[in-house]
Amino acid sequence: KGRITVRDIADAKRRGEKWAMLTSYDAMTAHLFDEAGIPVLLVGDSASMVVHGHESTLPITIDELIPMTSAVVRGTRRAMVVADLSFGSYQTGVEEALRNAARFLKESGAHAVKLEGGRRVIRQATALVEAGIPVMGHLGLTPQSVNTMGGYRVQGRGDAGAELLVDAKALEAAGAFAVVLECVPAELAERVTASLSIPTIGIGAGAGCDAQVLVWQDMAGLNETPAKFVKKYADLASVLATATREFARDVASGAFPAPEHAYR
Ligand code: KIV
Ligand code: NA
């Protein structure tokens with residue numbers, strides 16, 4: 001059997017099967033996550049922060065994301081690879097959205113793209129789907145809008161919840177195959193999930209979603225100061241720090257390399 005497709009994703013919702021998504025930005029982690037059975041990998045614009053060290057997701061470009069996406073596609077056999085349309089690559093209009101999404105599919109082999117927003121990007125979402133490009137939506141805390149949100153804060157409380165549901169319905173009607181719900185009250189995410197025929201993928205959105213996504217460095221504990229919604233499944237930061245200190249110590253003392261690490 002080949003790659004996971006949008007049909008498999010739709011079938012999972014019909015069967016009530018929950019699934020996990022992770023971000024990935026390179027071939028080696030992508031291979032590992034693929035072999036571990038993660039069906040969908042996201043080359044997120046979170047790379048702007050966790051790979052490039054920027055303060056937000058705004059600076060990263062399509063040109064920077066394409067090589068990472070190519071690497072993730074090459075590292076995987078089974079996973080569907082979703083590429084994040086970066087800030088400024090689709091907001092300007094339908095044509096630029098189509099051009100940039102097509103670049104991801106043509107130049108990196110991505111299988112789908114993700115964009116942030118609901119009704120405000122519905123023309124773009126519709127055009128991409130009509131062009132044969134699967135679209136994943138993203139509602140709630142949309143990090144590309146950090147400056148209008150006034151920081152990274154929970155979204156969809158009170159009356160904003162009804163607005164979010166309308167946006168989710170609009171994305172579904174436009175043909176989106178899934179929608180990420182980020183940092184919204186669990187009750188709202190549950191209500192949206194029940195109202196949609198396409199799966200919701202939660203991050204900081206409680207247990208009621210059809211799927212869950214985490215940034216892999218958060219999941220594995222490489223990020224030492226993650227958000228409240230993160231569960232650390234490992235303590236990679238301390239594993240890596242200890243290994244690094246031991247390596248440096250062994251080199252300084254002459255304990256490494258030993259004879260078995262040398263050629264004769
Ligand atoms: O860029 C990203 O990592 C994301 C996920 C957190 C959904 O958009
Ligand atoms: Na993103």
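This is a predicted model: local features need pLDDT of at least 70, side-chain atom pairs count only at pLDDT 80 or more; totals for chains, interfaces and linings use all residues.

Trainee: Okay, strands to begin with. In what order do the eight strands close into a barrel?

Mentor: To read a barrel, follow the pairing from strand to strand until you are back where you began. Here the order is E1-E2-E3-E4-E5-E6-E7-E8, and the pairing is parallel. Neighbouring strands of this sheet are turned by 25 degrees against each other on average, if you ignore direction.

Trainee: How many bridges join E1 to E8?

Mentor: Four bridges hold strand E1 (residues 19-23) to strand E8 (residues 211-214), and the two run parallel. If you want one pair to click on, take Trp19, whose bridge partner in E8 is Ala211.

Trainee: Which strands does helix H4 touch?

Mentor: Helix H4 (residues 62-75) packs on the sheet and touches strand E2 (40-43) and strand E3 (80-84). Compare directions too: that of H4 makes about 170 degrees with that of E3.

Trainee: Now the ligand. Which residues surround ligand 1?

Mentor: List the shell, then sort it by class. Around ligand 1 you'll find Thr23, Leu42, Gly44, Asp45, Ser46, Asp84, Val180, Ile203, Val213 and Val215. That shell splits into five nonpolar, three polar and two charged residues.

Trainee: On to helix pairs. At what angle do H2 and H4 pack?

Mentor: For any helix pair, ask about the angle, the distance, the handedness and the residues in contact. Helix H2 (residues 27-35) and H4 pack at about 40 degrees, with their axes 7 Å apart. Because of that angle, H2 is oblique to H4. Their crossing is right-handed. From H2, the contact uses Ala27, Met28, Ala30, His31 and Asp34, and from H4 it uses Ala71, Val72, Arg74 and Gly75. By class, these residues are five nonpolar, two polar and two charged.

Trainee: And how do H4 and H5 pack?

Mentor: Go through the list again. The angle is about 40 degrees and the axes of H4 and H5 are 9 Å apart, so H4 is oblique to H5. This crossing is right-handed. H4 brings Ile62, Ile66, Thr69, Ser70 and Val73 to the contact, while H5 brings Asn100, Arg103, Phe104, Glu107 and Ser108. The contact of H4 with H5 divides into four nonpolar, four polar and two charged residues.

Trainee: Why is H5 called oblique to H6?

Mentor: Look at the angle. The axes of helix H5 (residues 94-108) and helix H6 (residues 122-130) come within 9 Å and cross at roughly 45 degrees. Angles under 35 degrees would count as roughly parallel, and 65 to 115 as roughly perpendicular, so H5 is oblique to H6. The crossing of H5 and H6 is right-handed. Val94, Ala97, Leu98 and Ala101 of H5 meet Arg123, Gln124, Ala127 and Leu128 of H6. Count the classes in that contact and you get six nonpolar, one polar and one charged.

Conventions
Residues are numbered from 1 along each chain as its sequence is written. Chains are lettered from A and ligands numbered from 1 in the order in which they are written. Two strands pair if DSSP finds at least two bridges between them. Axes are lines fitted to C-alpha atoms, for helices over the stretch in contact, and angles run from 0 to 180 degrees between N-to-C directions. Two residues are in contact if their C-beta atoms, placed from the backbone, lie within 7 Å. A residue is near a molecule or strand if its C-beta atom, placed from the backbone, lies within 6 Å of it. Ala, Val, Leu, Ile, Met, Phe, Trp, Tyr, Cys and Pro count as nonpolar, Asp, Glu, Lys and Arg as charged, and the others, Gly among them, as polar. Angles under 35 degrees count as roughly parallel, over 145 as roughly antiparallel, 65 to 115 as roughly perpendicular and the rest as oblique. A crossing is left-handed if the near helix is turned anticlockwise from the far one by less than a right angle, and right-handed if clockwise.
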